[in-house]
Amino acid sequence: MKYQELASEILAGVGGRDNVKSLVHCATRLRFKLQEHGKADAEALKKNPGVIMVVESGGQFQVVVGNHVGEVYNALNAQLGAGEETPANAQEDKKENLLSRFIDVVSGIFTPLLGVMAASGILKGFLALSLACGWLLESSGTYKLLFASSDALFYFLPIMLGYTAGKKFGGNVFVTMAIGGALTHPLMMGAFEAAQLPGAQPEYFLGIPITFINYSSSVIPIIFAAWVSCRLEPLFNRVLHSALRNFVTPLMCLVITVPLTFLLIGPAATWLSHMLANGYQAIYAFNPIVAGAFMGAAWQVCVIFGLHWGLIPLMLNNMSVFGRDTLSPLLLPAVMGQVGATLGVMLRTRDAKLRVMAGSAVTAGIFGITEPAVYGVTLPNKRPFIFGCIGGALGGAVIGYFHTATYSFGLVSIFTFAQIIPAGGFDATVLGAIAGTLVSFVFAAIASYLFGIVPPAEQPAEAAPALQAPLNRKQQVTSPIAGDVIPLEQVQDATFASGLLGKGVAIMPHQGRVVAPVNGCVVSLFKTKHAIGIESDEGAEVLIHVGIDTVKLNGLHFTAHIKEGDRVKQGDLLIEFDQEAIRAAGFDTTTPIIISNSDDYIDVLTSGQSPVQEQAPLLTLLR
């Protein structure tokens, strides 16, 4: 239900159903193509708690929602009444510039395959690690089965890209898959091997010599071939009778496109592939240290604007032409630099909400998903993002110096370390990757911890009203709820029990109402009304969280009597809740009361009373 609600809010934010031309998604983003960008309300979407960031780039309106993007995408598709992109939706917008159209095409073709590409690459990496460590033998049946699982996608990549390219270009995806299948057919692969033998005789198609090329794992030829097929298809559909077009149009597309691919498109695209690969190698060979520093610093900037998609085909092309790729290892410090910066913020900040967000972003970043870290933590605080980019540059320079390469494609993550092991086992290139990544991570973490959070003295006066009030050495926080007091470590939630969010206590309520424990301002009220944050006039940040996992109720059984930004006095009614209904729904109503900036105090003492009444002394804060 929460995904359906979020989908409805996002759909309204992009201008409604009629404003959506097409929709795809990647690891964390919903990528809309809109009829009119002016109808979308990016600012309203940015304020939605379920949205991390909104980016307009590459002709796409991108809504970053995090790791649950697949569920939100499915809910959106249900509301749009859409399953697949139609040819009309897939048509190019002539008003877009060439770069925007290129990024849109590349992202549309490669996005659906990224998950299985990453999985296949990781499995290849672990198999290389197993061989290097002697855990498996290359001749064993176990290795052969797992290797086939990891290599199948890349060996038959033209077939997979035939599907996604056909879908993107608006044609019959099964025709474009068949074209990809022809490129990797055993008969054609056998002809290619025979053509490499000394004294091999050329073969002809209607008198034209055929150039046999190994198209296994290739990228560019099938994309061009699919584009040609998808342009031929509507031409034949227009001239053929409806009774014939269902089989004659695919027949003509195959009969024309497959020979054309082997005679012209394939050789030309292969030449272009080698030109791109050799061009990159020339730049890399000129000064790999500078190349590493540049990519380590610039990669996350490219991710912000969606420009990183332009490099995905280059990485795959390097893998196809050379059997290895030196570009993706340079990105490892860029990713781990942002992870380190986020960790530094998490350890330093006293903001409970930011700390929780940073903690989850660190976990996602380790596995290669940096958007939550960048959009939610480092970029809003500016300095950590810069430190992450500097760390990425330092680490990238180290990796460039060691000429590290990956031997399988996958998302840049902690698993990349398994993918950089060459066939001969561990060598200096592996150690260089580890050293460069550690340099990036450690530098960004330490710099962000020491300098990443702007000290309150440097913030504008209006951003810290509590600093303008007289500071007392001791502050009393009264109980917001009547009930039995229990130690925080007994709460059945590790986040609260560990003290990660701050010191405090928990109360098992006797009645369903919450009152203000201090005089102050409501700085946060969760949309689901189950939690509220108050900053007292003396500077204490009090978090009241009614129940455990009650966010899943989506506001059901809760009534808020205040709103964010309201001034409250001690004893003012904040929230009412139906504790019997909440318990009947299977939720624990134990309510933690946390001082989220408890690091500002020498200690947070409890009154020791249990049970406790509303407005009775509960906590004493010693500054």
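Two strands count as paired if DSSP finds at least two bridges between them. Helices (H or I, at least four residues) and strands (E, at least two) are DSSP runs, numbered from the N terminus. This is a predicted model, in which local features need pLDDT of at least 70 and side-chain atom pairs count only at pLDDT 80 or more, while totals for chains, interfaces and linings use all residues. Residues are numbered from 1 along each chain as its sequence is written, and side-chain values use heavy atoms, with hydrogens and water left out.

Let's start with the sheet. Its 7 strands form an open sheet in the order S8-S9-S17-S13-S12-S11-S15, with antiparallel pairing. S8 and S15 sit at the edges with a single partner strand each, so one side of each has no neighbour in the sheet. Within the sheet, S9 and S17 run antiparallel and are joined by 5 bridges, with Lys503 opposite Ile595 in S17.

| Strand | Residues |
|---|---|
| S8 | 483–487 |
| S15 | 567–568 |
| S9 | 503–509 |
| S17 | 591–595 |

UniProt's unreviewed entry puts "domain: PTS EIIA type-1" at residues 493–597; such annotations may be inferred rather than shown by experiment. That span is 10% helix and 40% strand, and its end C-alpha atoms lie 20 Å apart.

Now for helix H8 (residues 157–169). Its buried residues (under 20% relative accessible area, 1.4 Å probe, protein chains only) include Leu157, Leu161 and Phe169. Gly170 follows H8 with a positive phi, near 85 degrees.

Notes. Buried < 20%, exposed > 50% of the residue type's maximum accessible area, 1.4 Å probe, protein only.
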